[in-house]
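Dear colleague,

Please find below the structure that I am handing over to you, together with its sequence. My findings follow directly after it.

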Amino acid sequence: MNGRRPLLAANWKMNKTRAQARNFVEIVRQVVSPFPQAETCICPPFTALGAVNEGIRGSGIALGAQDLYWEKEGAYTGEISGPMLAECGCEYVLVGHSERRQLFGETIADTARKTRAAWDAGLVPILCVGESFEQRRSGETERVIETHVLEGTAKLSAGEVGKLVIAYEPIWAIGTGLPATSEEAQRISALIRGLAGGRFGDPVAAGLRILYGGSVKAANAAEFLGQADVDGALVGGASLDPTEFSKIVAAAKV
Ligand code: PGA
């Protein structure tokens, strides 16, 4: 036992209305609540945060957001701050998801600011890192992971990193139905833990939770969760179906 509680996080991306979110939570909370061994977190779109927050009350399921802006308030049309998310009941927030980086031009420096802002608002950042297909093909995976991990955590103290969540999400595995192998997920998770240990000390690295994300589904979840350095999963497509997602959470129990 390493003392790290597995975390299964649902990233709905730009999916589900409030009504659909309510329906999902009603089903999932019945299945998931009796499994205290694992922690479950749902990250709906901003518009459904309230509906999910109401639905999960008393279930032990946590609420997360998919992004935040690093300023607390001001003239930033369209943006949402950490304190606003905390007020909505969020405990977690995704930071630096590859879709933010690839489609919306988010840089590593932005990610580092957002990670800092999340902690300042009392939110646990789920820092997403991962290489593209081209980077992988040209042998740059390790270098990319090192940059994402060390620069993404540059504004955090050692104590904060010990409570952080890092999600290894190879871009080529996201939404493709072609996940990394569990050996690859383990290898990169161990690399991430080693990087954190080198920068912040081994006791800090030992507390850090590392998730795998990229085409996780009920049929392959247990294999990833069985790896020594993989402490959970960040699930996109398969998290939209309540039965499928419940099975993924249940996989953490065995
Ligand atoms: P996927 O997405 O499970 O649909 O591959 C994972 C993610 O982007 O977080």
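A polar side-chain atom of His97 is placed 2.7 Å from an oxygen atom of the ligand in this predicted model. Lys13 likewise has a side-chain N or O atom 2.7 Å from a ligand oxygen, and for Glu169 the distance from a side-chain N or O atom to an oxygen of the ligand is 2.7 Å. The ligand taken alone exposes 280 Å², of which the protein buries 95%. Around the ligand there are 13 residues, and those that come nearest are Lys13, His97, Glu169, Gly175 and Ser215. By class, this shell comprises seven polar, four nonpolar and two charged residues.

Helix H5 covers residues 108-120. Its 13 residues should span 18 Å at 1.5 Å a residue, and this agrees with the end C-alpha atoms, which are 18 Å apart. Buried in H5 are Asp110, Thr111, Ala112, Lys114, Thr115, Ala117, Ala118 and Trp119. These buried residues pack against strands E4 (92-95) and E5 (124-129) and against helices H7 (141-152) and H8 (158-162). Just after H5, Gly122 adopts a positive phi of about 80°.

In helix H12, residues 242-251, the buried positions are Pro242, Phe245, Ser246, Ile248, Val249 and Ala251. Their cover includes strands E1 (7-11), E2 (39-43) and E8 (232-235), as well as helices H1 (18-32) and H11 (218-225).

With kind regards

How values were computed
Residues numbered from 1 in each chain as written. Predicted model: local features only at pLDDT ≥ 70, side-chain atom pairs only at ≥ 80, totals over all residues. Heavy atoms only, no water. Buried < 20%, exposed > 50% of the residue type's maximum accessible area, 1.4 Å probe, protein only. Helix = DSSP H or I, 4+ residues; strand = E, 2+ residues; numbered from the N terminus. Contact = heavy atoms within 4.5 Å. Near = heavy atom within 4 Å. Polar contact = N/O pair within 3.5 Å; in protein donor to acceptor, adjacent residues only side chain to side chain. Areas by Shrake-Rupley, 256 points an atom, 1.4 Å probe, with all protein chains shown as cover. Nonpolar A, V, L, I, M, F, W, Y, C, P; charged D, E, K, R; others polar. Expected span 1.5 Å × (residues − 1).
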